Each structure stands twice: as C-alpha cells, then as structure tokens.
Amino acid sequence: MTTYSKAEELMVAVASNFSQPMQQIVRVFEQTHQHKVVLVFGSSGKIFAQIINGAPFDVFLSADQAKPQALIERDLAISASHFTYALGVLALWSADPQKIANNSDVLVQGKFNKLALANPKLAPYGLAATDVLSNMQLTDTTQLRWVQGENIAQTYQFVASHNADIGFVALAQIMQNGALSHGSAWIIPASLYNPIKQDAVILQRAKNNSAAKDLMDFMSSPSATSIIQSFGYELEQQQP
C-alpha cells in the first residue's frame with residue numbers, strides 16, 4: 001500500500017535555465033504525491049536577493065553552488081538538504097539553422113551583429129560565457145557587441161527574436177529529447193568554462209514542510225533524473 005505525507009503546498013524558486021525540465025518534473029511529482037508545487041523562475045542572483053529580503057520560498061534550485069552555500073552560512077537554508085541536482089552545459093546558439101556549424105568559427109571570425117549573454121554578476125551561465133570568451137582570448141574583440149540579459153531566459157529571447165545573431169544559452173533551452181530543437185548550435189567543450197554545478201537547498205522556513213523533503217528526494221529519483229538528462233544536463237557522479 002502506498003503511503004503519502006500530509007498534503008502541503010510548496011513554493012519553489014528555480015533558476016531560469018531549469019524552467020522546462022522543472023515543469024516536467026513537477027507534473028510527474030504531483031501525479032505521485034498529494035502536494036501542490038508553485039514554481040517561480042528568475043536569475044539565481046535575483047532569487048538569492050529576494051530570499052535574503054524575506055521572499056516566502058521553501059526550496060531554491062540555483063544555477064550555481066555559491067548561492068545555496070551562502071544561504072546556509074546565513075542560517076537561511078538547511079545544510080543537510082544541500083545537493084547538486086544537475087551539471088549545466090553551455091551552448092552557443094543561433095535561431096538561424098545555417099549560422100553555426102557546430103564549431104567556434106562564427107565567434108572567432110566575428111561573423112555576427114550582436115552576441116547575447118546573461119549578466120555574469122547575476123547568472124552563472126553568464127559567468128561561464130565570460131569564461132569561454134576569456135579562455136578563447138575573444139573578450140576584447142567581442143565586448144562592444146555584447147547584449148546582456150538579466151537571466152538566461154531573457155538571453156535566449158534576444159537570440160530567438162533575432163535581436164542578436166548568436167548567444168550563449170543553456171543547452172537545456174534548445175534541446176528536446178536529446179536533439180537540437182531548432183536553429184544551429186555549438187555545444188561548448190567543458191574545458192572552456194568552470195563546471196556549472198547547479199545546487200538545490202531547502203530553506204529554513206520549510207524545515208517542517210514534508211513537501212519540501214519529498215520533492216528533494218524525488219529530484220534524485222530515476223523519473224526526475226531521466227527528465228534532467230533529456231534536456232542535455234549531466235549528473236554529478238556519485239562517490240563510491
């Protein structure tokens with residue numbers, strides 16, 4: 001006989017890059033649990049600031065490790081709940097299916113009008129993008145053509161709307177069922193940027209909320225991890 005925790009409502013703040021997989025995960029979660037999950041999306045930096053200022057979130061899925069750890073250090077989050085739910089993958093993308101030939105040529109040769117990237121002060125994917133440009137020694141030659149989104153969702157829209165020829169986005173935004181959904185892209189080698197370890201944490205206000213623990217447990221289940229991988233994320237290798 002299946003047992004359920006008491007039904008509760010949960011407010012979950014999620015980094016913009018993870019919006020599509022999280023919506024799918026929650027649909028499956030709500031089919032097998034009695035809880036109701038409300039999702040709020042935004043840049044990790046903006047969500048972090050909102051939490052510090054008292055926003056009523058129960059769980060935070062960041063696009064980095066630093067912000068959940070900083071919340072633990074401020075006694076705003078529960079240390080034991082902290083874990084890496086996904087490893088982000090960065091891609092250079094164009095809405096034009098002919099623009100990028102799965103390599104760096106368009107970037108190196110400067111064959112673009114604007115280059116979109118998320119604000120590196122707010123969004124971990126933006127910081128990763130600046131890592132790539134620095135490691136390729138392209139910062140100075142491209143900087144005047146940058147357009148910055150507040151988060152990775154806004155960055156995607158700059159490219160999708162053709163306001164920028166190309167942009168650094170999360171692979172998850174342009175991948176469905178293991179294949180590029182539209183446009184053209186270069187999946188950037190992981191050696192060009194620091195790992196994007198995306199961490200989750202339960203906030204102190206939810207320490208007695210059974211829905212928070214149930215959702216965090218579910219994030220590591222085969223049902224959830226298969227969804228996460230289908231969007232192009234990788235999973236952290238478990239230590240033996």
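Is Ile202 buried or exposed, and what is its relative accessible area?

Modeller: First, the ground rules. This is a predicted model, in which local features need pLDDT of at least 70 and side-chain atom pairs count only at pLDDT 80 or more, while totals for chains, interfaces and linings use all residues. Residues are numbered from 1 along each chain as its sequence is written, and side-chain values use heavy atoms, with hydrogens and water left out.

Ile202 is buried, because its relative accessible area is 8%. Buried means under 20%, exposed means over 50%, and partly exposed lies in between (1.4 Å probe, protein chains only).

Now its place. Ile202 belongs to strand β12, which covers residues 196-202. Strands here are DSSP runs of E with at least two residues, helices are runs of H or I with at least four, and both are numbered from the N terminus.

What surrounds Ile202? Set aside its neighbours within four places in sequence. Then Ile202 is in contact with Asp58, Val59, Ala77, Ile78, Ser81, Ala212, Lys213 and Met216. Contact means heavy atoms within 4.5 Å. Val59 stands opposite Ile202.

Strands β3 and β12 pair in the antiparallel sense over three bridges. Two strands count as paired if DSSP finds at least two bridges between them. Strand β12 is also joined to β4 (residues 83-88), by five bridges, and these two run antiparallel as well. Here Phe83 stands opposite Ala200 of β12. Strand β4 is mostly covered, with five of its six residues buried.

The crossing is right-handed, a label for a near helix turned clockwise from the far one by less than a right angle, anticlockwise being left-handed. From α1 come Met22, Ile25, Val28, Phe29 and Thr32, while α9 brings Ala211, Asp214, Leu215, Phe218 and Met219. Of these contact residues, eight are nonpolar, one is polar and one is charged. In that count, Ala, Val, Leu, Ile, Met, Phe, Trp, Tyr, Cys and Pro are nonpolar, Asp, Glu, Lys and Arg are charged, and the others, Gly among them, are polar.

Helix α3 (residues 66-73) belongs in this picture too. Its buried residues are Lys67, Pro68, Ala70, Leu71 and Ile72. Their cover includes α2 (44-52), β3 (59-61) and β12, the strand of Ile202. After α3 comes Asp75, in the loop between α3 and β4. Asp75 has a positive phi, near 60°, in a residue other than glycine.

Last, the cores. A nonpolar core is a set of buried Ala, Val, Leu, Ile, Met, Phe, Trp, Tyr and Cys residues joined through side-chain atoms within 4.5 Å. The largest one has 70 residues, and Phe18, Met22, Leu61, Leu92, Leu107 and Phe168 have the most contacts inside it. Helix α9 (residues 210-219) gives the most to this core, with six residues. Another core lies apart from it, with 13 residues, including Ala13, Ile51, Ala70 and Leu71. In soluble globular proteins, nonpolar side chains tend to be buried together.
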